[in-house]
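Please open the model in your viewer and follow the stops below in order, making each selection before reading what is found there.

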Amino acid sequence: MFNSLTGIITGKFPQKLFLETNGIEWDIIVPDTTLDDLPKLGETARVFTWMQHTDTAMNLFGFASSKDRDLFFDLNKVEGVGPKSAIKIMSNIQRDQLIQSLESGNLAALEKIPGLGKKTAQKMLLALKGKLTLDEDLPGVKVVVNRGGEYADVVSALANMGYDKRDVESCISKLVEELNGELPQGGEVAFKDKTRDAKEEILFRRAIVALAQ
């Protein structure tokens, strides 16, 4: 499946974009915010795409960036939010504002999005808070990056116990900093010099206590 299309913008309409590539004009469903982010009519644009193929229809969805498309995929994980519903949500709020509302648990802000009821907003928070696909430079959102890091096994174990992954990553990061700063007592080996298994055991035990508070 193709990742993106690059062509001339031939039409802009509410939640719809026409893009011509080598004599083919594509009819693409897009959020209204994407229309604002793309160039003017007659100019060249790259649109990141996703194809929906069902028994009754084929729909092509487009986004101004791969990050917008990632958010679209995240929204589709929510029960009751399909592709077209996700497009409507993204049409009524900027990506960074939506992510900030979800990450901060701001239910009131989500309920103000046109067409988004209280129940769906609650489902979005339950399904996505702390689990969004985020980029590191998003303004106003603190992102903890720990992809396959040294203590990924500890993070995974705690997350599997039901703790929020981002809370776990933040907790582990703080604990490592604290433990590295502690002076060994009674001839004990410093944390940084302990074996990997010993470090993980200590972190796991301390994280359980910290996360329970």
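Begin by selecting α2 (66–75) and α3 (83–91), which pack at an angle of about 125° with their axes 9 Å apart; axes here are lines fitted to C-alpha atoms, for helices over the stretch in contact, and angles run from 0 to 180 degrees between N-to-C directions. That angle makes α2 oblique to α3, since angles under 35 degrees count as roughly parallel, over 145 as roughly antiparallel, 65 to 115 as roughly perpendicular and the rest as oblique. The crossing of the pair α2 and α3 is right-handed, a crossing being left-handed if the near helix is turned anticlockwise from the far one by less than a right angle, and right-handed if clockwise. Show side chains for Asp68, Leu71, Phe72 and Leu75 of α2 together with Pro83, Ala86, Ile87, Ile89 and Met90 of α3, which make the contact, where contact means heavy atoms within 4.5 Å. By class, the contact of α2 with α3 has eight nonpolar, no polar and one charged residues; Ala, Val, Leu, Ile, Met, Phe, Trp, Tyr, Cys and Pro count as nonpolar, Asp, Glu, Lys and Arg as charged, and the others, Gly among them, as polar.

The model is predicted, so that local features need pLDDT of at least 70 and side-chain atom pairs count only at pLDDT 80 or more, while totals for chains, interfaces and linings use all residues. Residues are numbered from 1 along each chain as its sequence is written, and side-chain values use heavy atoms, with hydrogens and water left out. Helices (H or I, at least four residues) and strands (E, at least two) are DSSP runs, numbered from the N terminus.

At 11% relative accessibility, Thr33 counts as buried, on a scale where buried means under 20% relative accessible area, exposed over 50% and partly exposed in between (1.4 Å probe, protein chains only). Apart from its neighbours within four places in sequence, Thr33 is in contact with Met90, Ser91, Ile93 and Gln94.

Next select helix α6 (residues 118–128), in which Ala121, Met124, Leu125 and Leu128 are buried. Gly130 follows α6 and has a positive phi, near 80°.

Move on to helix α8 (residues 165–181) and helix α9 (residues 196–212), which pack at an angle of about 120° with their axes 10 Å apart, and which are therefore oblique to each other. Helix α8 passes α9 in a right-handed crossing. To see the contact, select Asp167, Val168, Cys171, Ile172, Leu175, Val176 and Leu179 in α8, and Ile202, Leu203, Arg206, Ala207, Ala210 and Leu211 in α9; by class, this contact has 11 nonpolar, no polar and two charged residues.

Finish in the loops between strands. Gln15, in the loop between β1 (4–13) and β2 (16–21), has a positive phi near 55° although it is not a glycine, and it is partly exposed, with a relative accessible area of 26%. Asn22, in the loop between β2 and β3 (24–29), is another residue other than glycine with a positive phi, near 50°, and it counts as exposed at 84% relative accessibility.
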